[in-house]
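Trainee: Could you take me through this model by question and answer, with the cut-offs stated as we go?

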Amino acid sequence: MGGDVMTIYLDNNATTALAPEVREAMLPHLFGEFANPSSPHSAGMAARRAVSEAKAQVAALIGAKPADLVMTGSATEATHAAILGALRVIEETDHHRDHIVTTAVEHPAVLALFDDLRQRGWRVSILPVNRDGLPSLVDLAAVVTEATALISMMWANNETGVLMPVEGASAIAHAHGALFHSDAVQAAGRVPVDCGIADYLTLSAHKMHGPKGVGALYVRKGAPFHALIHGHQERRRRGGTENVPGIVGFGAAASLASLWLASFRKEEADLTAFLRDRLEQGILVRWPGAVVNGAGAARLPNTSNIRFADRRGHPVEAEELLMRLDRAGIAVSMGAACSSGGNEPSHVLTAMGLSDAQAAASLRFSLSRYTTATEVDAVLSELPALHARLVVA
Ligand code: PLP
């Protein structure tokens, strides 16, 4: 399901196409039903009901209660609300805690915020990762103390799909009385995500075939929280008139994702993982010397980050490959959407020990539940010609 019928869209970690069912659910709220959910009349109450039902659908995806969710304008906002909201309370109630921890491979939504917090006086530890993109829990346990306020670790990495040791990290945080936040943007809807391990979880609608500009924050009942945006909405936890069509779309998208996860859990086969492996194996066979970044770690079923090399093992320019694939109607990306187009090497891949040239030789293929075997095979059929063109014999 690409932006147009000609595109084979394998950039689903950047964003996903709106599912038809999501569009249908949103339409009445974009046109006829426009009331403000805070209004006292029946149209307002209907809008309020639609928001509540959608929140219940998003909550069900992560095993939460609707009251534990705060709807936001993006996952980036949800992450800021979680971390700043928690630290604001800690500063007032537990001020001996002045230390926060995250990993070197987080999304800029977390890393840039931690940078800002460092400038504001917080002591910051950034955990390194190994060749497979995994931080060590031994390293984590060594830096966390009774002075640690919060650990933020993503559930799955957006560039490599590597699944992070969130359960262990959360246990270490809690053993020291620290709070645990996880950016579950890439994981939610693709693998089971249970809110039970976290104090705060961040979600985004547009990574699961919902609309852009809608996020959600799970806040565990009783976890410290101070609103980032003031107002009476969302039980005073996030001011601003609710984005009713967006929230309804998020609910529909979460509900479809829950069904999808339940279906492959029953059949014990995830079609996306099957197609991802077919793509990955197909590329490795057709491009000798290509390597999967993060291959040694458990990964999201939809993501493959591949480093391309020539016959002598020298990195090839992935940008050239990306452009040639684009001309063939195939959309992939070089790491994160926001960093592609710039000249900066991926901070995720360099943290994994890749050289700048190796990072610049890597492409991310990210599938969706709408990707077909025909599309995967069409990508593979382009590879021999690309290999011949880009690799000097
Ligand atoms: N966190 C991760 C891991 C992401 O991949 C993204 C999107 O690129 C975000 C956060 C930001 O999500 P949003 O676009 O909803 O702010």
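Mentor: Helices (H or I, at least four residues) and strands (E, at least two) are DSSP runs, numbered from the N terminus. This is a predicted model, in which local features need pLDDT of at least 70, side-chain atom pairs count only at pLDDT 80 or more, and totals for chains, interfaces and linings use all residues. Residues are numbered from 1 along each chain as its sequence is written, and side-chain values use heavy atoms, with hydrogens and water left out.

Trainee: In which helix does R236 lie?

Mentor: R236 is not a glycine, yet its phi is positive, near 65 degrees. R236 is exposed, with a relative accessible area of 59%, where exposed means over 50%, buried under 20% and partly exposed in between (1.4 Å probe, protein chains only). The helix that holds R236 is α7.

Trainee: Does E234 count as buried or exposed?

Mentor: E234 also lies in helix α7, and it has a positive phi of about 50 degrees although it is not a glycine. Its relative accessibility is 8%, so E234 counts as buried.

Trainee: What distance separates the C-alpha atoms of H230 and G240?

Mentor: H230 lies in the loop between β8 (215-219) and α7 (233-236). At 58% relative accessibility, H230 is exposed. H230 and G240 are ten residues apart along the chain, and their C-alpha atoms are separated by 8.0 Å.

Trainee: How many salt bridges does the structure hold?

Mentor: A salt bridge is a side-chain nitrogen of Lys or Arg within 4 Å of a carboxyl oxygen of Asp or Glu. By that criterion, the number in the structure is 17.

Trainee: In the salt bridge of R88 with E92, how far apart are the closest N and O atoms?

Mentor: Both residues lie in helix α3 (residues 75-93), four residues apart, which is about one turn of the helix. R88 is partly exposed at 37% relative accessible area, whereas E92 is exposed at 53%. Their closest N and O atoms are apart by 3.1 Å.

Trainee: And for R118 with D115, how far apart are the closest N and O atoms?

Mentor: R118 and D115 are three residues apart in helix α4 (residues 108-119), so about one helical turn separates them. R118 has a relative accessible area of 41% and is partly exposed; D115, at 38%, is partly exposed too. The closest N and O atoms of this salt bridge are apart by 4.0 Å.

Trainee: Which residues do salt bridges that share partners join into one network?

Mentor: One of the pairs is R276 with E280, whose side chains meet in a salt bridge of 3.8 Å, N to O. These two residues lie four apart in helix α9, about one turn of the helix, and both are buried. Through shared partners, the network joins R276, D277, E280 and R299.

Trainee: Which residues form the aromatic pair?

Mentor: Rings of Phe, Tyr and Trp (its six-membered ring) pair if their centres lie within 6.5 Å; planes under 30 degrees apart count as stacked, over 60 as edge-to-face and the rest as tilted. The structure holds one aromatic pair. It is edge-to-face, at 4.9 Å centre to centre and 75 degrees between the planes, and its members are W287 and F308.

Trainee: How many residues apart are W287 and F308?

Mentor: W287 and F308 are both buried. W287 sits in the loop between α9 (271-286) and β9 (291-292) and F308 in the loop between β10 (303-307) and α10 (318-327), so the pair links distant parts of the chain. Their separation in residues is 21.

Trainee: What distance separates the centres of domain 1 and domain 2?

Mentor: The domain bounds, from an automatic or database domain assignment, are 8-17 + 269-390 for domain 1 and 21-262 for domain 2. Taken over C-alpha atoms, the distance between the two centres is 28 Å.

Trainee: Which residues of domain 1 lose the most area to domain 2?

Mentor: Buried area is the accessible area (1.4 Å probe) that two parts lose on being put together, summed over both. Between the domains it is about 2800 Å², of which carbon and sulfur atoms give 53%. On the side of domain 1, 24% of what is buried comes from the three residues that lose the most, L300, M352 and R369.

Trainee: How many residue pairs are in polar contact between domain 1 and domain 2?

Mentor: The count of salt bridges between the two domains is zero. A polar contact is a pair of N or O atoms within 3.5 Å; within protein, one must be able to donate a hydrogen and the other to accept it, and residues adjacent in sequence count only if both atoms are side-chain atoms. With both residues at pLDDT 80 or more, the number of pairs is 19.
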